[in-house]
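Let's take a friendly walk through this model together. Keep the sequence and the 3D view open as you read.

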Amino acid sequence: MAGSWDGSHDLGSQSDENYLFDRLHIEPIYDAFICPLTKQIMRDPVTLENGQTFEREAIEKWFKECRESGRRLVCPLTLKELKSTELNPSIALRNTIEEWNARNEAAQLDMAHRSLSPGSSENDIMQSLKFVQLLCQKSRSNRHVIRNAELIPMIVDMLKSTSRRVRYSALETLRIVAEEDSDNKEILAEGDTVRTIVKFLSHEQSKEREEAVSLLFELSKSEILCEKIGSINGAILILVGMTSSKSENLLTVEMADKTLDNLAKCENNVRQIAENGRLQPLLTLLLEGPPETKLLMASYLGELVLNNDVKVFVARTVGSSLIDIMGSGNIQSREAALKALNQISSCEASAKVLIEAGILPPLVNDLLFTVGMNPLPMRLKEVSATILANVVNSGYDFESVPVGPDNQTLVSEEIVHYLLHLISNTGPAIECKLLQVLVGLTTSPTTVLSVVAAIKSSGATISLVQFIEVPQKDLRVATIRLLQNLSPYMGNELADALRGAAGQLGSLIRVISENISISEEQAAAVGLLADLPERDMGITRQMLDEDAFPLVISRIARIRQGETRGSRFVTPYLEGLVRVLARVTFVLADEPDAIALCREYNIAALFIDMLQFNGMDNVQMVSAIALENLSQESKNLTRLPDLPKPGFCVTVFPCLSKPTVITGLCRIHRGACSLKETFCLLEGQAVEKLVTLLDHTNEKVVEASLAALSTLLEDGVVIGEGVQVLCDADGIKHILEVLLEKRTDNLQRRAVWAVERILRTEEIAYQVSGDQNVSTALVDVFQHGDYRTRQIAELALKHVDKIPNFSGIFPV
C-alpha cells in the first residue's frame, strides 16, 4: 500500500527548495522536520494516534485514497491499522520548524544579497535567484521581505548579465516578485528598468523574449506601469507585431495580446496602439466611452493613416456613431467627427458603407442649408465638402438617396444650383471640393444628364469655364475634369464659351505645353480639347492661329522617342494629343491652312506610324479616322498632268496621232501623288497596315480601318485599281471576313458597301459567287438591313448573280 503513493514522495526525490536549503542552511535539517510522505520540510505537522507525524495535506490525501479504494485505514509508515483518523497539530514542532526556516531564510537572504553581483559566479547567481523565486512562491507575504532586503534593484542589474541563463532567470524572478504586489511594481517603475525589459522583446525567438512578455503582462496590471510601458519607444509596436506573428509561441502571443488589452486601459496608450494597427480599443471607447472620451477618440481617429481594408472596418464599426456625433450641436464634437469621417470616406468601399449609414442628409444640410444661430464654420464646411466629394466619387446611385429637406437628391436641379452657387461664392478650397462633387456626379451615366440639365438651366457654363484660368492647380484640374465630363453633352456650348478673346482656350493650350512630367492637369486639358466638336471650325481656326498643332506634334514626338516615361497619365495624354491633332483633318476641304500644316509636318506619315501602336486601341482608331479624312482629300489634291499640245501634222492629219503615255502617275488617283503632298495611302504604304487592323479585337478600330480603306473604292478614284490594290494586300479576304462576322451594325453597313464596290470587278465577283457564306450574309443584310444598306446589298447580290439583273430587259 505504501508503494502506491505518488512518486514525488519516493525517498530518493528532492525538491528544488530542499536542494537549496541543503546547500544554504546554517543548521542541519533534522529528520523530524521531514514528512515521511512528501520528503519535504513540513509546514503544518500533525500527529496520528500511533505517534507518527506527517504533513497535514499529505496524510489527508493518504486517508482519502484509502477510502476511495476500499482499503483499510493504516498508517503509511508502519502499515498498522488505525482506529481513528483524528489529526493532532504538532504546535511545538511547527514553531521549531518556523524558527529554523526563519534563521535559514535570513542566512539565505544574506547570501543572496552577496551573490547577486556581477562578480559572482553564474552558479551562485542562479541559486540566489531560484531562492528568491521559491521564497515568494512559498508565501505572498515574503514579497515584502524581498523588497525590504533591497534585492529587487540587484535582480534588475542581473538583466545586464552576459549570461543568457542569468538574464532569463532574472526576468522570471522579477515576474514572480511583482505578482500581486503593487509596491514591488512601483519599484520596477523607477529608472530605466521597464525600458530594459522592453529591449528583450527584440530578441527573436528566445526564451528571454517569452519571459519578458510575461513580465510586461504582469507589470501592465498597474496603471502607473501602463503609462510607463506605453511611453517607451517601440514597445507597443513590437507587442502588436507579436500578436499577429505566425511563428511566435502561442503562449507568447497570448501574453502580448493580454498586455495590449491592459495597456489600452490607459487612454494615453490607445492612440499609439491604434497607430500600430490595433484599432479595436479606440473604437470601443468611441462607442462606449463618456462624451469627453468619445471626442478624444474621434480626434485620434481623424489623424490616423489607415489602409483601405481598415477604413471599411472602421466605417462598419463606428460610422453610424460618427454620423450621430457630426449632427450634434457641439462644434468640437462635430469637428472631430467630420475629420474622422473625412479619413475613412476616402475609400470607395468605406464611402458606400457611410452612405448606407445615412451620412448624406446631415452632410448636405451642414454644407448647403445650415442657417440660424449655429452655422458651420468655414473650415468645417471645407471638411464637409471634402467628405461629400469622397462619397460622391464612390460610384453610388445617388438618384435614390434623399438628401434635402424636401427629399431632393444630389442631382435634383435645386441641389445642383446650390452647389453651383457655392462654387462661385466661396474660397478656392471649398470650390475645388464642390467641383470634384460635380465631377463624380458627371462621371456616372445614371446622373450626368440630370447635372447637365441643371447646369444648362442655371446658365453656369461661362462661370465654370472661367475657373480654367485660376492660379490654384487643384481647382483648375477639377474644373477641366468636370468640363471634360460635360463635353459629350454640351460640346457646342463649351466650344462657344472657350472661343474668342476670353483666353480660356489659350490657357488649355498653355497647360499642354508645360515642359514638365505629364500631370493629371495636362491629361485632363488635352482630353477636354479632344472632346470638343471635331468639326467646329472656330475652335480649329483658333488653334491654328495659336500654333497649337505644332505643339501637339512635338509632344507626340517626345512620347514616341521615349523622353516621357513612368507617368500613369501618359496613355490618356497621348490619346488626347492624337485626337486633338486629328481634328485638323476634318476641315481640309474648307481650310487651306490645315492642308498646309499637314503637308509641312507630314501628318499623314505620323498617323500611319501610329497605326502600329499595339495595345493603344484609341490611338489606332483615331489614326485610322484621320487617314480616312486625309485620303478623301487626295483626289482633290492630286496634280493631273499637263498633256503636250499636238503638232501641226497631227492637227491636219489626226489619224497620225498616238496616245500620249505619261509614267509615274498614281494608279488610283491618275495624277502625281505623294504621301506628304496629297496624303495618298498607296504612296504612303499604309494599305497593308490598315488591312492588318481588320483583324483587331476592337470593332471600333476595325470600323475606322475599313473606312480608311474604303476611300480607295469611292467615287472619284479608279475603283478597279483600288480593288487591285486591296487584292495585292490580301485585303479583300479580310473585308469579306468582316462582313461574315456581323460584329456591329455599323461594321456590317461599311462592309456591305465595300463588298459591293469590290464585286464590280467581274473576276472577283465570279470567284465570290461560289462562296455560299458570302451570299448568305448578303441575303441576310438584304432582308434585315436599313433601306440604304438593303439597296447596296441588292446590287452586290446582282454582281454574283443571286438576283437577276433586269436592266438589260426593261429599258430605263
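Searching the whole structure, which is a predicted model, turns up three aromatic pairs. Rings of Phe, Tyr and Trp (its six-membered ring) pair if their centres lie within 6.5 Å; planes under 30 degrees apart count as stacked, over 60 as edge-to-face and the rest as tilted. Two of the pairs are set out here.

| Pair | Centre to centre | Angle between planes | Type |
|---|---|---|---|
| Tyr30 and Phe33 | 5.3 Å | 75° | edge-to-face |
| Tyr396 and Phe398 | 6.0 Å | 55° | tilted |

Tyr30 is partly exposed at 41%, while Phe33 is buried at 4%. Tyr396 is partly exposed at 22%, and Phe398 is buried at 2%.

Three strands form an open sheet in the order β2-β1-β3, with antiparallel pairing. Strands are DSSP runs (E, at least two residues), numbered from the N terminus, and two of them pair if DSSP finds at least two bridges between them. Because β2 (53–55) and β3 (88–89) each have a single partner strand, they stand at the edges, with one side left without a neighbour in the sheet. Strand β1 (residues 45–47) pairs with β2 over three bridges, and Pro45 stands opposite Glu55 in β2.

Residues are numbered from 1 along each chain as its sequence is written. Local features need pLDDT of at least 70, side-chain atom pairs count only at pLDDT 80 or more, and totals for chains, interfaces and linings use all residues, while side-chain values use heavy atoms, leaving out hydrogens and water.

Methods
Helix = DSSP H or I, 4+ residues; strand = E, 2+ residues; numbered from the N terminus. Buried < 20%, exposed > 50% of the residue type's maximum accessible area, 1.4 Å probe, protein only.
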